[in-house]
Structures are given as structure tokens and as C-alpha cells.
Amino acid sequence: MPLDQTPYFDYDDDGKESEGKEMGFLDHLEELRWHLIRAAVSIVFFMVFAFIFIGDIYNKVILAPAKPDFWTYRMMCKLGDMVGAPGLCVEKLNFELMSREVSGQFVMALTSAAIIGLVFAFPYVFWEIWRFVKPGLKPSEAKSARGAVFYVTFLFFTGVSFGYYIVSPLAINFLVNFQIDPSIKNQFDIGSYISILATLTLACGIAFQLPIAIFVLTKMGVIGPEFMRTYRRHAVVVILIVAAIITPSPDVTSQILVAFPLYILYEISIIISAREEKRKLEEEKASA
């Protein structure tokens with residue numbers, strides 16, 4: 001069949017093929033273009049909304065991890081009291097934020113609004129991409145991927161929350177309180193602070209997509225549950241290394257707080273991979 005006559009089918013919620021139409025290559029590009037336009041509009045919408053309330057957002061959300069009364073630091077103090085480790089309590093963050101450029105605060109307001117817009121528009125953006133991809137799937141593939149938008153969104157926001165409440169405060173606390181010499185004052189540009197906060201938060205949102213990635217790789221036959229079980233010990237070492245990089249603090253408790261959820265995700269990924277492999281074997285037996 002010629003490239004410009006690629007069949008385009010749609011499937012209902014039960015995975016049954018419904019009446020579709022043939023779409024040419026240029027038609028596919030036009031369809032993709034409108035999906036991307038709608039996704040971009042959603043990002044701009046949330047970006048504008050965030051920019052309108054950027055003052056409150058900075059005070060109550062973005063700058064919150066830079067204050068000793070942040071929820072995470074208060075929980076660390078309680079944990080320190082429980083385990084007899086007063087060193088866990090964060091009583092002071094030794095740094096000041098500055099803007100060294102004339103347009104610095106305005107640029108950071110726009111940048112922060114764009115990041116917030118991307119985060120909150122993520123479910124709709126993924127839904128638009130999924131709407132474009134789903135009609136090209138086989139009925140069995142569409143059925144097994146049911147609920148993809150919900151699971152991807154749930155894992156993303158769980159990861160973002162983990163990055164904001166756990167990883168970022170731990171990293172910021174260590175980095176701003178680390179001193180080579182007491183005479184050196186920590187005065188950081190606001191851009192540096194935003195960069196660390198955004199990078200760690202979004203990185204966790206992406207890292208929490210591990211179960212989805214394993215599901216796709218299992219479906220493609222690239223990886224399987226036996227492989228993941230065999231190299232579980234190696235995965236634990238990698239997770240600990242990643243946790244040590246994310247949390248530069250030498251404190252073992254902080255590293256465990258980061259490594260534990262990542263290990264849980266790995267175990268969940270094994271279960272997902274095993275279920276998908278079992279389903280594939282049952283389909284092969286049924287079609288034989």
C-alpha cells in the first residue's frame with residue numbers, strides 16, 4: 001500500500017475496530033499539527049494563569065523550600081526527634097537570593113510561569129498525543145493500553161510531588177549549608193535556585209514513568225520480567241548511586257528516603273512486565 005494511503009482506524013473503549021477512513025501522509029501531518037497546536041494552547045493558558053498570580057506562587061510555592069518552616073523541614077525535625085538524630089532538623093538555610101540583572105525578576109517570572117504551565121498542562125498534552133497515536137494501534141494493543149492517560153498523569157504528578165517535597169529540599173538544604181570557609185557568604189542568583197528546583201522536580205516526574213517505560217519495552221520484546229529479576233541487585237546499586245547523586249548530602253537517611261520509592265517503582269515494573277508477558281503468551285496460544 002502506498003505511503004500516502006495509510007489506513008487510519010479508530011477503536012472504541014472495548015478495543016473493537018469501528019468504521020474509520022483512509023488518511024494520506026499529509027493528512028496525518030495535518031492531524032498531528034492540530035493536536036500539537038491544541039497542546040501548545042493549553043500550556044500557554046496555564047502559563048498566563050500562573051503569570052497573573054506569580055507573586056503568590058513564588059511566595060507560597062517556589063520559595064517555600066528556601067524557608068526553614070517548609071513542611072519537609074518540619075517533618076525532618078520530627079523524624080530527628082523520633083530516631084534521636086537532632087542533626088536532621090533544619091533550623092536555618094544559610095543563603096540569600098539575589099537578582100543581578102535589570103530584567104532578572106521579569107525573566108524568571110516568565111520562565112517560572114512557563115514551567116508551571118507545562119506541568120499543569122501535562123495531562124492534556126499527553127491526552128492529545130495519545131489521541132493521535134491510539135487509532136494506529138491494534139485492537140489488542142489499544143485494549144492493553146487502556147487507562148494510559150490516567151496512569152501516566154498519576155505517575156507524573158506523584159514524581160513531581162516527590163521531587164518538590166523530598167528531593168529538592170534535601171538537595172537545597174545540603175548545598176546552601178555547605179561552606180568551605182565561614183567567611184564566604186552564600187548569595188545565589190534567583191535563576192540558579194529556580195534551575196535546581198525545576199530540574200530536580202521535573203526529573204522526578206520523568207523518572208516515575210519507569211513502570212510505563214517497562215510496559216512499552218516488554219510489549220516490544222526488548223525486556224522481560226526474568227531479566228529484571230536477574231539483575232535486581234545491579235538495579236539496587238544503580239538506584240543507590242542515583243539517590244546519592246540526587247541528594248548530595250552524605251546523610252544516609254536522606255539517600256534512603258530517595259532510593260526507597262525508586263526501588264518500589266522497580267518492583268512494580270517487574271509485576272507489570274510479568275503480566276504483560278503472560279498476556280502475550282496467552283494471545284500467542286489462542287492464535288496458534
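**Pockets and nonpolar cores**

The largest pocket has a volume of about 890 Å³. The model is predicted, so local features need pLDDT of at least 70 and side-chain atom pairs count only at pLDDT 80 or more, while totals for chains, interfaces and linings use all residues. Residues are numbered from 1 along each chain as its sequence is written, and side-chain values use heavy atoms, without hydrogens and water.

Pockets (open sets of points on a 1 Å grid over the protein atoms alone, where a 1.4 Å probe fits, with protein on both sides within 12 Å along at least five of seven lines; lining residues have an atom within 4 Å of a point)
- The largest pocket is lined by 28 residues, with S144, A145, I212, F215 and I272 nearest its centre.
- Its lining has 19 nonpolar, 3 polar and 6 charged residues.
- The second largest pocket holds about 580 Å³.
- Of the 22 residues lining the second largest pocket, V61, I116, V119, F120 and Y164 are the closest to its centre.
- The lining of the second largest pocket has 19 nonpolar, 3 polar and no charged residues.

Nonpolar cores (sets of buried Ala, Val, Leu, Ile, Met, Phe, Trp, Tyr and Cys residues joined through side-chain atoms within 4.5 Å; buried means under 20% relative accessible area with a 1.4 Å probe, protein chains only)
- The largest nonpolar core has 44 residues, and Y58, I62, Y73, Y193, I194 and V258 have the most contacts inside it.
- Helix α6 (a DSSP run of H or I, at least four residues) gives this core its largest share, 8 residues.
- Another core, of 6 residues, lies apart from it and includes A142, A145, A148 and V149.

Methods. Buried < 20%, exposed > 50% of the residue type's maximum accessible area, 1.4 Å probe, protein only. Helix = DSSP H or I, 4+ residues; strand = E, 2+ residues; numbered from the N terminus. Points joined across faces, edges and corners; volume = space filled by probe spheres on them. Nonpolar A, V, L, I, M, F, W, Y, C, P; charged D, E, K, R; others polar.
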